[in-house]
Amino acid sequence: MYKKDGESYYIVDAHVALWDARPENQSNIHGKQFIDCFYDYHRNLSPESELWSYEEYLYYGGERLLKDLFVDGYVDHAIFQPARLGEFYRNGFGQTEEAFALAQRHPGKLTYNHNWDPRFGEAGLEQLRRDAERFGLKGAKLYTAEWHGDSRGYKLDDPWSYRYLEAAQELGITNIHIHKGPTIRPLDRDAFDVADVDKVATDFPELNFIIEHCGLPRLEDFCWIATQEPNVHAGLAVAMPFIHSRPRYFAEIIGELLYWLDEDRIQFSSDYALWTPKWLVEKFVDFQIPEDMTEYAPLTVAQKKKILGLNAAKMYGLEVPAHLDLVEPSVV
């Protein structure tokens, strides 16, 4: 919980990871390229006071995650969104066993989402069913640009992808988080294009599609899709740190999202450990649209409360203390 100026904010960090990018887990040069690109994002978009050393960035472990999120970072609940990257890392990038163990130890604070890749075909479908039962999955994180053998990405509307989405719907995995954002070396830019979101959102109206990184740098394309598909949501991972380095650009991002989607379909994320939540929460609560950007309405406290936690809490069925929730106006 974060308190400022007499207001209290329930915080859900809707996109966090526990990764291992140490050299002994890198399968090839691409593993190093990937984490180096992550570190460049961290180094170039963070305040100087928040910079980590490269060595601690490679692997930080569960205890530091708990401290950075729940002791120092104001977070009430966080959701793991792991990326596998099996072609780059021997034991995967996102650490399934360690992250799930943390979530089991702290069920009130952590939710574990898992991942799948439709290019694994029938065997992957069977694995998805086992994973859904073992992890009690409510959501999943998809990485359409991930490499698999000779393939350097897939589309959400591929036939096998539809099979997996159908299975997810049957299994009650209703929250589908999809990385559709900036390219990360060595992945291909076009594999993160948002166009395939349009079709699956139409064909699977009972699923929520949370587009992580809100489609950046394809914000306009994303907004035109999301405004006509009510089950498409915007995740603010990667967008958030521009609040420090490019505040007017961040004002444009949040202004466009609020215009096209409204405040009920936008979710805060630090994208930990790319960035830590403490300074992002503080800056967002203090942030206001510049007065000369008159095409956007000022941000309200209620909008900030929804974005910082209440939207994700509602999607995941999290219990929000009554004094931290919004009181909806009664209908006469």
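A pocket here is an open set of grid points with protein on both sides within 12 Å along at least five of seven lines, and its lining residues have an atom within 4 Å of a point. This is a predicted model.

I'll take the second largest pocket to begin with. It holds about 270 Å³ of space and is lined by 15 residues, with Asp264, Lys306, Leu310, Asn311 and Lys314 nearest its centre. Helix 12, residues 301–316, gives the most to this lining, with six residues. Strand 10 also supplies at least two. By class, the lining of this second largest pocket has six nonpolar, three polar and six charged residues.

Strand 10 takes us to the sheet. The sheet is open, with five strands in the order 6-7-8-9-10 and parallel pairing. Strand 6 (139–142) and strand 10 (266–267) each have a single partner strand, so one side of each is left without a neighbour in the sheet. Further in, strand 7 (175–179) and strand 8 (208–212) are joined by five bridges, and histidine 179 stands opposite glutamate 212 in strand 8.

Next, helix 6. Its buried residues are Ser161, Tyr162, Tyr164, Leu165, Ala167 and Ala168, and they pack against strands 7 and 8 as well as helix 5 (121–135) and helix 7 (195–203). Glycine 172 follows helix 6, with a positive phi near 80°.

Of its 24 lining residues, Arg84, His114, Asn115, Gln127 and Asp131 lie nearest the centre. Helix 5 gives the most to that lining, seven residues. The lining of the largest pocket divides into nine nonpolar, nine polar and six charged residues.

Methods
Residues numbered from 1 in each chain as written. Predicted model: local features only at pLDDT ≥ 70, side-chain atom pairs only at ≥ 80, totals over all residues. Heavy atoms only, no water. Pairing = 2+ DSSP bridges. Helix = DSSP H or I, 4+ residues; strand = E, 2+ residues; numbered from the N terminus. Buried < 20%, exposed > 50% of the residue type's maximum accessible area, 1.4 Å probe, protein only. Contact = heavy atoms within 4.5 Å. 1 Å grid on protein atoms, 1.4 Å probe; cavity = no way out; pocket = protein on both sides within 12 Å on 5 of 7 lines; lining within 4 Å. Nonpolar A, V, L, I, M, F, W, Y, C, P; charged D, E, K, R; others polar. Points joined across faces, edges and corners; volume = space filled by probe spheres on them.
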